[in-house]
Amino acid sequence: MADEDRAADERSGGDRLRAALAEDDDPADLVALIEEAGRTKDRLDQLDAILRGDTDLWAQLTEGRTGTVLEVRVDSVMQEARQLTTVFRQTLAEIRRRRDGGSSFGAKIGNILDDL
């Protein structure tokens with residue numbers, strides 16, 4: 001494996017997504033959406049690791065002095081992952097819409113609040 005390929009493999013999923021989506025002439029609002037999509041991808045990857053049982057990622061348990069059994073419950077991780085997936089999908093769709101729409105940057109600035 002070439003050094004370039006190895007360095008690319010070490011980047012986070014969000015970093016790889018940002019690199020794949022970014023273009024040199026992207027307007028600021030599109031850059032912000034791409035950055036948010038990358039952060040969301042990284043969060044989804046961490047939630048996936050939690051759901052797969054990678055407890056070193058989010059918790060460290062030590063036995064108490066009395067030998068009490070500790071129970072850790074993570075109730076809403078799957079729900080959060082589903083909600084974040086929906087947001088991620090919507091963000092990617094908005095990026096695609098803005099890329100394919102062909103509207104000028106000035107028109108986007110004028111209507112920026114319409115998309116909120």
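**Helix packing and charge pairing in a predicted all-helix chain**

Thr 91 counts as buried because its relative accessibility is 10%, where buried means under 20% relative accessible area, exposed over 50% and partly exposed in between (1.4 Å probe, protein chains only). This residue lies in helix 4, and Thr 91 touches Leu 33 and Ala 37 when residues up to four places away in sequence are left out; a contact here means heavy atoms within 4.5 Å.

The structure is a predicted model, in which local features need pLDDT of at least 70 and side-chain atom pairs count only at pLDDT 80 or more, while totals for chains, interfaces and linings use all residues. Residues are numbered from 1 along each chain as its sequence is written, and side-chain values use heavy atoms, with hydrogens and water left out.

The pLDDT, which is the predictor's confidence in each residue on a scale from 0 to 100, averages 80 over the protein chain, and 67% of the residues score at least 70. Confidence is highest in helix 2 (residues 13-21), with a mean of 96, and lowest in helix 5 (residues 105-110), with a mean of 46. Over residues 104-110 the pLDDT stays under 50, and the model has seven contacts beyond four places in sequence for this stretch. Where pLDDT is low, the predicted coordinates should not be read in detail.

The protein chain contains five helices and zero strands; helices (H or I, at least four residues) and strands (E, at least two) are DSSP runs, numbered from the N terminus. Read from that end, the order of elements is α-α-α-α-α. Of the 116 residues, 22% count as buried. The accessible surface comes to about 8700 Å², and carbon and sulfur atoms hold 49% of it; these areas come from the Shrake-Rupley method with a 1.4 Å probe, and for residues only the protein chains shown count as cover. Among contacts with a separation of 6 or more, 68% are between residues 24 or more positions apart.

The buried residues of helix 4 are Val 77, Ala 81, Leu 84, Phe 88, Thr 91, Glu 94, Ile 95 and Arg 98.

How many residues make up the largest nonpolar core, and which of them touch the most other members? The core has 13 residues, and Ala 37, Leu 47, Phe 88 and Ile 95 touch the most other members. Helix 3 and helix 4 each supply at least two residues of this core, with the largest share, seven residues, coming from helix 3. A nonpolar core is a set of buried Ala, Val, Leu, Ile, Met, Phe, Trp, Tyr and Cys residues joined through side-chain atoms within 4.5 Å. Beyond four places in sequence, Leu 47 touches Val 77, Glu 80, Ala 81 and Leu 84.

Side chains of opposite charge can pair when their charged atoms come close. The structure holds 12 salt bridges, each being a side-chain nitrogen of Lys or Arg within 4 Å of a carboxyl oxygen of Asp or Glu. Arg 18 and Asp 15 form one of them, at 2.6 Å from N to O; they are separated by about one helical turn because they are three residues apart in helix 2. Arg 18 is buried, at 16% relative accessibility, whereas Asp 15 is partly exposed at 32%. Arg 18 also meets Asp 42 in a salt bridge, at 3.9 Å from N to O. This pair links distant parts of the chain, with Arg 18 in helix 2 and Asp 42 in helix 3, 24 residues apart. Asp 42 is partly exposed, with a relative accessible area of 23%. Asp 15, Arg 18, Glu 35 and Asp 42 are linked in a network of salt bridges.

Another salt bridge joins Arg 43 and Glu 36, whose closest N and O atoms are 3.4 Å apart. Arg 43 is partly exposed at 39% relative accessibility, and Glu 36 is partly exposed at 29%.

Finally, Ala 22 is found in the loop between helix 2 and helix 3 (28-51). Its relative accessibility is 45%, so Ala 22 counts as partly exposed. Leaving out residues up to four places away in sequence, Ala 22 touches Ile 34 and Arg 99. The C-alpha atoms of Ala 22 and Glu 35 are separated by 9.1 Å, with the two residues 13 apart along the chain.
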